[in-house]
Amino acid sequence: MTAKIAVLAGDGIGPEVVEQGLKVLEKTAQKFNLSLEFTPARVGGAAIDQEGTALPAATLQICQNSDAVFFGSVGGPQWEKLPPEQQPERAALLPLRQTFNLYANLRPAILFKQLKNASPLRADIIGEGFDLLILRELTSGIYFGQPKGRADDKAFDTLSYRVPEIVRIAKVAFAAARKRRKKVTSIDKANVLTTSVMWREVVVEVAKDYPDVALEHMYIDNAAMQLIKNPRQFDVVLCDNMFGDILSDEASMLTGSIGMLPSASLSDGNFGLYEPSGGSAPDIAGQNIANPIAQILSAALLCKYSLGRPDAHDTIFSAVNQVLDENYRTRDIMSAGCQEVSTSQMGELICGKI
Ligand code: NAD
Ligand code: IPM
Ligand code: MN
């Protein structure tokens, strides 16, 4: 059976890193005899420039007809003067997440042992390294709560959650922890926010079905600090939409670079959207220096979750490991004694190991 993959490269470094991700997917498909059909579609600023809208109907249709979406990134200074609701992030990425009910955003933050020197953490804090999973609720919370708006000298967003929205993401957290080190740290601000008080109550309820998994609660401000003090204490970090956004960028840097952090946005079935956790990086776009590894590891997650091929995932992961073993680095993760390579060279090198 052929798996259909919509390819939405988007803006900034998006097209550069997506090209490397596609090379890796094609090589992986050859190796495992998978039949993949790629359909490119415009999204974000690129779509605004060509068609006047960030998420053209044809693009949405292609996604609807696909088994997965391979997404680069959207946004940039060119489009920041548009009315906020027409900008790429709010007019394309958020509607895609909402349309496909992609409520579970998995952001695995893994320190590859070869990148200990690229991490800003001290060697004694890194120890043998860390492997944590930021699990971010992606279709509710302050991003989507209504009302939002402006009136006179006031602007407002609404932070709201419904119990079933918390139940379903909490179940994903406990199920994931069960396959890992059996610990969930639930992040909230229950000392201030009413939604957090309910979040905590609901997570405690769900936890009763997973007695083999340890649950702890942590305030977001403390969590931001603890991540740096001792990232090894964490296994699955369960967050609402906004806290997960912020903690995942923080966690990415601990692994060496935002260019290392992939993501999978999932719903209840096999459909998923796969994108790096970082953005379009306008400051380095067009220079062939961006790190494609987050995009390539997102391709690995696509194999695992949408194609049901953990073996293909592991092969891509191991290819990345081997290239890092040989001391090839993009600029963002460069350190002494290593050889700097471009975006496309990194993609080639990883393909060569598949
Ligand atoms: P960003 O993640 O694009 O960039 C932050 C910093 O990280 C920059 O210095 C950038 O050069 C660096 N960086 C990011 N990815 C990198 C990579 N693969 N390799 C090397 N360095 C990398 O965040 P920002 O600057 O806050 O946002 C820029 C634009 O991207 C904005 O328009 C923002 O809204 C958008 N954005 C889009 C997405 C998405 O499409 N999923 C995610 C985040 C930000
Ligand atoms: C991310 C990004 C997006 C978010 C923006 C671009 C809407 O920062 O995927 O982390 O905040 O979710
Ligand atoms: Mn973000």
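A residue is buried if 20 or more other C-beta atoms lie within 10 Å of its own, exposed if 12 or fewer, and partly exposed in between, with C-beta atoms placed from the backbone. Helices (H or I, at least four residues) and strands (E, at least two) are DSSP runs, numbered from the N terminus. This is a predicted model, in which local features need pLDDT of at least 70, side-chain atom pairs count only at pLDDT 80 or more, and totals for chains, interfaces and linings use all residues. Residues are numbered from 1 along each chain as its sequence is written, while chains are lettered from A and ligands numbered from 1 in the order in which they are written.

**View 1. Strand β4 and its two partners.** Strand β4 covers residues 104-110, and six of its seven residues are buried. Two strands pair if DSSP finds at least two bridges between them. Strand β5 (residues 131-137) runs antiparallel to β4, joined by seven bridges. Here Ile110 faces Asp131 of β5. Strand β11 (residues 264-266) is also antiparallel to β4, with three bridges. On that side Asn105 stands opposite Ser265.

**View 2. The whole protein chain.** The chain holds twelve helices and 14 strands. Its radius of gyration, taken over C-alpha atoms, is 20 Å. The globule rule (2.2 Å times the number of residues to the power 0.38) gives a close value, 20 Å for 354 residues, so the chain is as compact as a globular protein of that length. The C-alpha trace spans about 50 × 50 × 45 Å along its principal axes. Of the 354 residues, 48% count as buried. Two residues are in contact if their C-beta atoms, placed from the backbone, lie within 7 Å. Among contacts between residues at least 6 apart in sequence, 74% join residues at least 24 apart.

**View 3. Two domains.** Domain bounds come from an automatic or database domain assignment. Domain 1 takes in 1-103 + 270-354, and domain 2 takes in 120-254. Their centres, taken over C-alpha atoms, are 25 Å apart. Eight residues of domain 1 are in contact with nine residues of domain 2. The side of domain 1 that touches domain 2 has three nonpolar, four polar and one charged residue. Ala, Val, Leu, Ile, Met, Phe, Trp, Tyr, Cys and Pro count as nonpolar, Asp, Glu, Lys and Arg as charged, and the others, Gly among them, as polar.

**View 4. The surroundings of the ligands.** A residue is near a molecule if its C-beta atom, placed from the backbone, lies within 6 Å of it. Ligand 1 is surrounded by 23 residues, the closest being Ser73, Gly75, Gly259, Gly278 and Gly279. Its shell divides into ten nonpolar, nine polar and four charged residues. Around ligand 2 are Gly75, Glu89, Leu93, Asp245, Ser277 and Gly279. That shell has one nonpolar, three polar and two charged residues.

**View 5. Backbone exceptions in the loops.** Most residues other than glycine have a negative phi, and most peptide bonds are trans. The bond from Gln146 to Pro147 is cis, with omega near 0 degrees. Pro147 sits in the loop between β5 and β6 (149-151). Ala281 is not a glycine, yet has a positive phi of about 40 degrees. Ala281 lies between β12 (272-274) and α10 (293-305), in a loop. Ala281 is buried, with 23 other C-beta atoms within 10 Å. Asn288 also lies in the loop between β12 and α10. Asn288 has a positive phi of about 60 degrees. Asn288 is partly exposed, with 15 other C-beta atoms within 10 Å.
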